[in-house]
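Here are a few exercises to work through with the model open beside you. Try each task before reading its solution.

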Amino acid sequence: MAKAVKIGEQWVGEGYPTYVVAEIGINHNGDIDIAKRLMEAAKHAGVDAVKFQKRTPELCVPPEQRGQMRETPWGYITYLDYRYKVEFNAEQYAEIDRFAKEIGITWFASVWDEPSVDFIEQFNPVAYKVPSASLTDHALLNHLRQTGRPVILSTGMSTIEQIHRAVPLMDIDNLIICHATSAYPCDPEELNLRMVQTLKFEYSCPIGYSGHEVGLIPSVVAVGLGACMVERHITLDRAMWGSDQAASVEPGGFERLVKYIRVTEAALGDGVKRVYDSELSSLKKLRRVQE
């Protein structure tokens, strides 16, 4: 079983730098220019990849939700119509792909249904993400496995039994599992960061963390607990319209998050006790009894 999985040109797993993903998701509100600004902000912050979401609304919106009315930037429209407003088409994704190559950043997408997998395939993605909502969609998991690409499986709103049923459907040597709690934003009491360690004990594939909390500290702590991937939503402004904005990180915050993660990686060390050269002068001055 793989302790590391290669995404694009980078290895993700034990012994490698934490792979940091800025999830743009639908925080672009259907505007390609906002999407590009978010990609640029993520690149400037030093993340490894940005992630979008792709779904087929008529498949992913439950029938009882489709006709419900919602106040949106496009007026008072049905929930189904709203879902279409925030979906990019092939031309727009081609522009995302072109722009990502121009600025030098990796991108991939969460896919919510099988047609969305087939749609994203045309862009030769480095990986796929299974959103927490789709962990129990075994047909989707099987479809993703057939692509042969790395898969990141998010585990929010799922029981451990559901996770145990989902994982065997995937190629464990090409799988990264992300602990998550699907509340936006999530209370600290429900983050349950020790699940990172539980999943590391349960599975021999890389374990990551997909966070929806307010603030940066829990995401950094997850790295200390062994997460080899950290994903957070990125936004231009947390006050923007949209269901994910409040649980997102603004560009300046993302710069700090990447910095804190890198400092944490350096500080963790290897667990082998040693006396450093920097301590020798203190040792000579302060230790009264020498051995």
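## Exercise 1: The second largest pocket

The lining of the second largest pocket comprises 10 nonpolar, five polar and four charged residues. Keep in mind that this is a predicted model.

**Task.** Find which residues lie nearest the centre of the second largest pocket, and state how much space lies in the pocket.

**Solution.**
- Step 1: start from the 19 residues that line the second largest pocket.
- Step 2: pick out those nearest its centre, which are Gly13, Glu14, Gly15, Tyr16 and Ala227.
- Step 3: for the space in this pocket, the value is about 300 Å³.

## Exercise 2: The largest pocket

**Task.** Describe the largest pocket by its volume, its closest residues and the classes of its lining.

**Solution.**
- Step 1: the volume of the largest pocket is about 530 Å³.
- Step 2: its lining has 27 residues, and Gln53, Arg55, Trp112, Ala133 and Tyr184 are the closest to the centre.
- Step 3: look at which elements contribute two or more residues to this lining; they are β4, α4 (79-85) and β12 (229-233).
- Step 4: sort the lining by class, which gives 10 nonpolar, 10 polar and seven charged residues.

## Exercise 3: One face of a helix

**Task.** Which residues of helix α6 (residues 114-121) are buried, and why do they line one face of the helix?

**Solution.**
- Step 1: list the buried residues of α6, namely Ser116, Val117, Phe119 and Ile120.
- Step 2: look down the axis of α6; its buried residues fall within an arc of 160°, so they line one face.
- Step 3: see what covers them, which includes β4 (49-54), α5 (90-103), β7 (106-111), β8 (128-130) and α7 (138-147).
- Step 4: at the start of α6, find the side-chain oxygen of Asp113 that comes to within 2.9 Å of the backbone nitrogen of Ser116.

## Exercise 4: Buried or exposed?

**Task.** Decide whether Ser110 is buried or exposed, and do likewise for Arg288.

**Solution.**
- Step 1: locate Ser110 in strand β7.
- Step 2: the relative accessibility of Ser110 is 2%, and buried means under 20%, so Ser110 counts as buried.
- Step 3: check the contacts of Ser110; leaving aside residues up to four places away in sequence, Ser110 touches Lys51, Phe52, Gln53, Lys54, Lys129 and Pro131.
- Step 4: turn to Arg288, in the segment after α12 (280-286).
- Step 5: Arg288 has 78% relative accessibility, and exposed means over 50%, so Arg288 counts as exposed.
- Step 6: to finish, find Asp31, whose C-alpha atom is separated by 67 Å from that of Arg288, 257 residues apart along the chain.

Technical notes: Residues are numbered from 1 along each chain as its sequence is written. This is a predicted model: local features need pLDDT of at least 70, side-chain atom pairs count only at pLDDT 80 or more; totals for chains, interfaces and linings use all residues. Side-chain values use heavy atoms; hydrogens and water are left out. Buried means under 20% relative accessible area, exposed over 50%, partly exposed in between (1.4 Å probe, protein chains only). Helices (H or I, at least four residues) and strands (E, at least two) are DSSP runs, numbered from the N terminus. The arc is that of the directions from the helix axis to the C-beta atoms. Contact means heavy atoms within 4.5 Å. A polar contact is a pair of N or O atoms within 3.5 Å; within protein, one must be able to donate a hydrogen and the other to accept it, and residues adjacent in sequence count only if both atoms are side-chain atoms. On a 1 Å grid over the protein atoms alone, a cavity is a set of points where a 1.4 Å probe fits but cannot get out, and a pocket is an open set with protein on both sides within 12 Å along at least five of seven lines; lining residues have an atom within 4 Å of a point. Grid points are joined across faces, edges and corners, and a volume is the space filled by probe spheres set on the points. Ala, Val, Leu, Ile, Met, Phe, Trp, Tyr, Cys and Pro count as nonpolar, Asp, Glu, Lys and Arg as charged, and the others, Gly among them, as polar.
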